[in-house]
Amino acid sequence: MGDIYRNYRLLVASIAFFLVIFNTYSQEVSRDSIAKIREYQLTSRNALSENDFENAIFSIKQANNLAAIMDDDELKADIYLDLAELHYTIHNNDKAESETINAITFLKDKNNKSSLAKAYTLFGKILIEKDNLLDAERHLKNADKIYSELNDEVGRANSIFSYGLLELKKGK
C-alpha cells in the first residue's frame, strides 16, 4: 500500500509542477503577444499619420490576427477602433461603420469609458459622412456626456468639433 501511495503522491506532484510551468509559460506568451499587438498598433497609427496606408493596413491586420487568438475583448475593441479610424481616413465609410459598431459592442460591457466615448465620436463622424445626421447627433451627444463625466477636455473638444461638422452639414 505504501508504494501505491508514494506513486500517487509523485504523480500528483508531477501534475502540479506541470500545471505551474504551463501557467507561467502561458502568461509569458500572453504578455509577449499583447506587447507585439501594441507594437503593431503603434506602427499602424504612425503609418496612418504619415499617409502610408499600405503599411498602416498591414500592421493593423497583423495586430488583429494576433488578437483573434486571445481572449481579451478590450484589446479586440481597441483594434476594431483602429481599423475603423483607418477605414474612415481612407473614406471607406461602410467598413469604418461596421468596425466601429464592433468596437462599441465590445466596449459597452467594459469599464473603458474613454474608448467608448472615442468610438461614439468616430461613429458620429462616420454617420455625418453618410448623411445619417440624426443618429450622428445622438452618438456625438453620448460621447460628449462620457467625456464630461471623465473631465476629459481633449476628448470633449474632439466631440464638440465633430458636432460642429454636423451643424455645418446641416447648413447651420
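## Ground rules

Two residues are in contact when they have heavy atoms within 4.5 Å of each other. This is a predicted model, in which local features need pLDDT of at least 70 and side-chain atom pairs count only at pLDDT 80 or more, while totals for chains, interfaces and linings use all residues. Residues are numbered from 1 along each chain as its sequence is written, and side-chain values use heavy atoms, with hydrogens and water left out.

## The overall fold

Let's start with the whole chain. The secondary structure comes to 7 helices and 0 strands, where helices (H or I, at least four residues) and strands (E, at least two) are DSSP runs numbered from the N terminus. Along the sequence, the pattern reads α-α-α-α-α-α-α. Of the contacts between residues at least 6 apart in sequence, 54% join residues at least 24 apart.

The protein chain has 172 residues, and 35% of them count as buried. Here buried means under 20% relative accessible area, exposed means over 50%, and partly exposed is in between (1.4 Å probe, protein chains only). The accessible surface comes to about 10,800 Å², with 55% belonging to carbon and sulfur atoms; such areas come from the Shrake-Rupley method with a 1.4 Å probe, and for residues only the protein chains shown count as cover.

Setting aside neighbours within four places in sequence, Glu-137 is in contact with Tyr-163, Leu-166 and Lys-170.

## Rings

Next come the aromatic side chains. Rings of Phe, Tyr and Trp (its six-membered ring) pair if their centres lie within 6.5 Å; planes under 30 degrees apart count as stacked, over 60 as edge-to-face and the rest as tilted. The count comes to 1 aromatic pair. The ring centres of Tyr-80 and Phe-106 are 5.5 Å apart and their planes are at 25 degrees, so this pair is stacked. The pair links distant parts of the chain, with Tyr-80 in helix α3 (residues 73–89) and Phe-106 in helix α4 (residues 93–108), 26 residues apart. Phe-106 is partly exposed, because its relative accessibility is 23%.

## A surface patch

Which residues form a nonpolar patch on the surface? They are Phe-161, Leu-165 and Leu-168, which together have about 310 Å² of accessible area. Leu-168 belongs to helix α7 (residues 153–169) and counts as exposed because its relative accessibility is 60%.

Patches are made of residues with over 30% relative accessible area and no salt bridge, joining like charges within 9 Å and nonpolar side chains (Val, Leu, Ile, Met, Phe, Trp, Tyr) within 5 Å. A salt bridge is a side-chain nitrogen of Lys or Arg within 4 Å of a carboxyl oxygen of Asp or Glu.
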